[in-house]
Structures are given as structure tokens and as C-alpha cells.
Amino acid sequence: MKDIIKVALYGNGGGHQVWKAYTMPQVEVVGVSGIEENALPESVRGKAPHYGTLEEMVKASGVDIVSLCSPVRKGQAELAVWCMEQGIHVYAEKPSAFTEDELDKIIATSKRTGMIYHEQAGTYSAAPYCGMRRLISEGAIGKVISVHSQKSYPWHDARPKCEDIDGGLIRQVGIYNMRFVEYVTGVKISDISARETMLGNDHENSDCRRAVVFSMTLENGGVATGTANYCGPRPPDWNHWGFEYVRVFGETGFIEGGEGLGNVRLFQTGKGVTEIDVSKDQYDFFEAFVEEVRSGKRVIDLAIEDELSPCRKVIMARKNSILVGK
């Protein structure tokens, strides 16, 4: 087992770079690239060498894990494949890819090289969702029949005008809806369609969508719907960066929860409503990834195909989406 895992940070596109790596005793941050020094959080400036390119950083730093939050998300899949071919494990901001071919190449490269690839898919291990998954798998609501979810982010001037930058509404926000369905219920989506609108986009020369509605068929014969939008409340009016919520209906009840909404609510026929604290089910996804690299053993019980399945579904949805309003 390795005592210290060397981590390099590339870019901060999407704002989800793992700055916490600087505070983890089992991690040494050995390089930063794709981020101007004055754009780094003040608390970490000057604490790791700054490199001009990802390639320069990878070849100079002896890195074990690279965290990719590419400034331009389109093309990040190619970077991830290149890093794994250099013998480096990859932690990548969503979406992992813009096409299914790119996604298939990531999966194939991870398996061929033995390098671990994880998307920044912390939804899988976060409360309340991992607790909801446990309760559903234990049969709390019987067979899953219907799912509805919502994911909202705030609208602001810095939203990218081109979807190449961050993937666009469906791929970088709607992916949460797919995770809510597949990660929480354990049931895969077999078919998906999407309608989206640019209504309310007052930014000049911007193709940024403001809202999307998904309709899904599940592999078990159930159905699901989801909404994603840039209409969410912003701090300080809301204590979280946006809003998210999921409700799953089954044969014998339903279960619901969301970020910032407290405990999970479980309704069971003949038993009424119970509030359940599922905070003990959660764990930190990146810390678990680091432990996988340290120990050489699987910690996150999620096959790469299943982890990246929500990304595959948003690729499918974006490919055939219908724009209904501008």
C-alpha cells in the first residue's frame, strides 16, 4: 500500500476541482496546470508547482492521479485517455465525453491499462442518495415503477455561451437526473427523449438552454421523468448552489429526498410516513478513489460501465433533443 498519493490538478472548468486534496494527509498535490495562479483559491496559492501544459505537468511530477476539470470540456475525453496511457489514474469532471465512441474509448483504455477512471460522480456516495439506494435495494417500496427528479442551477452572467465549454444544460446538469434514476434505484434507463428551451436566455450570441424536460423508459418496464434548468435560487436566498430533488414510487410506497431538505421521507402502505436519517450511509467519493489507488483494492462498488451509464444517457438525450422555445 502506498503511504502518499501524488495528485495533479488540471483546470477548474465547472468549478469542481478537488481543492480538498491539499488538506488530505494521504495526498500530496504535485502540480497545477490550466489555471492562472491568481485564479487559485487564496489558501492554496504557491503550494504546488505551476506547469504550462498538462503534458509538461504529467511528465515532470510523478503523478498518480490527475483531476481533470478542463477549461473546455469538449476534448477532455481525449486527455483522459492520454493520461491513462501514461500510467495515470483519472478523476474527471462531467461530462466525461460528448459522444458514445469517446465514452467507449475511456472504458476500453481503463480496462486495457489497468488505470482507474472515475467521473466526479459524488452523487453515488452522497446523502441522501446512497441511503435511498440502500432502502430501495432492501425492498422498502417494492419494485420501482416511476421516478421523478429535478436539478436546478442558478442563471448568471458567466454561463458559457457555447456548449463546447461545459457540455451544456443536458450533459452537465441533466446528468444528475440520470444519476438519480440509475444510481438511486439500481434500474437502468433503456430509452430517453428530451425537450429544451432557451426561453429567458437574455445573453447575446448564446446558445445556452435554460430548461429541459426528460422522458425515460426503464429496463424493468417502469418510467421516469426529469427536469433540469438554470432557474434555481442563489445564495443567500437559498443555502445551497441550486436545488435538487428525487422521488421514487414503487409497488408498496414511495421514497423522496434532496440536497438541503433534511432526512429521507419514506411512505409505506399500512405504515404511513417515516423520516429516516441516512447521513451515516454517505462517504466521500474522491477520498474513496484515493483509497483505491493506495490499497489497490476496489472501494467504490460501481463498475465503470455503470458509473458512466448516466453520461451515456445524456449523450443520447442531447443527440436527439428538440428545441421548443427561444
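Me: How many cavities of 30 Å³ or more does a search of the whole structure find?
Reply: This is a predicted model, in which local features need pLDDT of at least 70 and side-chain atom pairs count only at pLDDT 80 or more, while totals for chains, interfaces and linings use all residues. Residues are numbered from 1 along each chain as its sequence is written, and side-chain values use heavy atoms, with hydrogens and water left out. A cavity is a set of points on a 1 Å grid over the protein atoms alone where a 1.4 Å probe fits but cannot get out. At 30 Å³ or more, the number of cavities found is one.

Me: What volume does the largest cavity have?
Reply: A volume is the space filled by probe spheres set on the grid points, which are joined across faces, edges and corners. For the largest cavity it comes to about 50 Å³.

Me: Which elements give two or more residues to the lining of the largest cavity?
Reply: Lining residues have an atom within 4 Å of a point, and here they include Arg-159, Glu-163, Asp-166, Asp-207 and Tyr-230. By class the lining has five nonpolar, one polar and five charged residues (Ala, Val, Leu, Ile, Met, Phe, Trp, Tyr, Cys and Pro count as nonpolar, Asp, Glu, Lys and Arg as charged, the others, Gly among them, as polar). Helices (H or I, at least four residues) and strands (E, at least two) are DSSP runs, numbered from the N terminus. The elements giving two or more residues are helix H5 (163-166) and helix H6 (168-172).

Me: How much space lies in the largest pocket?
Reply: A pocket is an open set of points with protein on both sides within 12 Å along at least five of seven lines. The largest one is lined by 37 residues, with Gly-122, Thr-123, Ala-126, Tyr-176 and Glu-259 nearest its centre. The lining divides into 16 nonpolar, twelve polar and nine charged residues. The space in this pocket is about 760 Å³.

Me: How are H7 and H10 oriented to each other?
Reply: H7 (174-185), which supplies at least two residues of the lining of the largest pocket, also packs on H10 (residues 309-319), with axes that come within 8 Å and cross at roughly 130 degrees. Axes are lines fitted to C-alpha atoms, for helices over the stretch in contact, and angles run from 0 to 180 degrees between N-to-C directions. Under 35 degrees counts as roughly parallel, over 145 as roughly antiparallel, 65 to 115 as roughly perpendicular and the rest as oblique. H7 and H10 are therefore oblique.

Me: At what angle do H1 and H2 pack?
Reply: H1 (residues 54-61) and H2 (residues 76-85) have axes 12 Å apart, and the two helices are therefore roughly parallel. Their contact (heavy atoms within 4.5 Å) is made by Leu-54, Glu-55, Val-58 and Lys-59 of H1 and Leu-79, Trp-82 and Cys-83 of H2. Those residues divide into five nonpolar, no polar and two charged. The packing angle is about 20 degrees.

Me: Which residue does a cis peptide bond join to Ala-127?
Reply: The omega of this bond is about 5 degrees.

Me: What phi does Asn-205 have?
Reply: Asn-205 is found in the loop between strand E8 (189-197) and strand E9 (211-218). Although Asn-205 is not a glycine, its phi is positive, at about 55 degrees.
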